[in-house]
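Reader: I would like to learn how to read the fold of a protein chain from its model. Where should I begin?

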Amino acid sequence: MIVGLTIMMTAMVAPTLNKKLDRKNFGIVVRVLWPLYFQSMFITSLCSLGVMYYTNDLMTKVVHTSIMSGTCVLSFIDNAIIPMTNQATDTNNLKLFNFLHTISVSSTVLILISNIAFLFL
């Protein structure tokens, strides 16, 4: 679910909004959607951790729990930095915005890769 949600948001929703909306409306919509996206990943990873508690195979349990724990932590951090990212945008602090956006994008890529690997481990 996390893989599908991430691909949808990054490959479909963001580019479409960027093409179809002016800068002001893009900012308004993104400020609503992205917190929901990170909160959805956080809740989904927490639920997955709960289900993994009942996994019998220890090695699978350790690997999958590590991936879901990482997803949980990174999605929490991504959601937590949204207000700072918005403030950096509002105050035209491009350096801070770029730094925070890089954190968010990098962690999203890490979440995507680790959750794809989850399927094969």
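Author: Begin with the elements: helices are DSSP runs of H or I with at least four residues, strands are E runs of at least two, and both are numbered from the N terminus. This is a predicted model, and its protein chain comes to five helices and zero strands, so that the order from the N terminus on reads α-α-α-α-α.

Reader: What are the dimensions of the box that the C-alpha atoms fill?

Author: Taken along the principal axes, the box is roughly 50 × 25 × 20 Å. The accessible surface of the protein chain comes to about 7800 Å², with 71% of that belonging to carbon and sulfur atoms, and buried residues make up 28% of the 121 residues.

Reader: What does Met68 touch, leaving aside residues up to four places away in sequence?

Author: Met68 touches Ile2, Ser45, Ser48, Leu49, Met52, Asn115 and Phe118. For the protein chain as a whole, among contacts between residues at least 6 apart in sequence, 69% join residues at least 24 apart.

Key
Residues numbered from 1 in each chain as written. Predicted model: local features only at pLDDT ≥ 70, side-chain atom pairs only at ≥ 80, totals over all residues. Heavy atoms only, no water. Contact = heavy atoms within 4.5 Å. Buried < 20%, exposed > 50% of the residue type's maximum accessible area, 1.4 Å probe, protein only. Areas by Shrake-Rupley, 256 points an atom, 1.4 Å probe, with all protein chains shown as cover.
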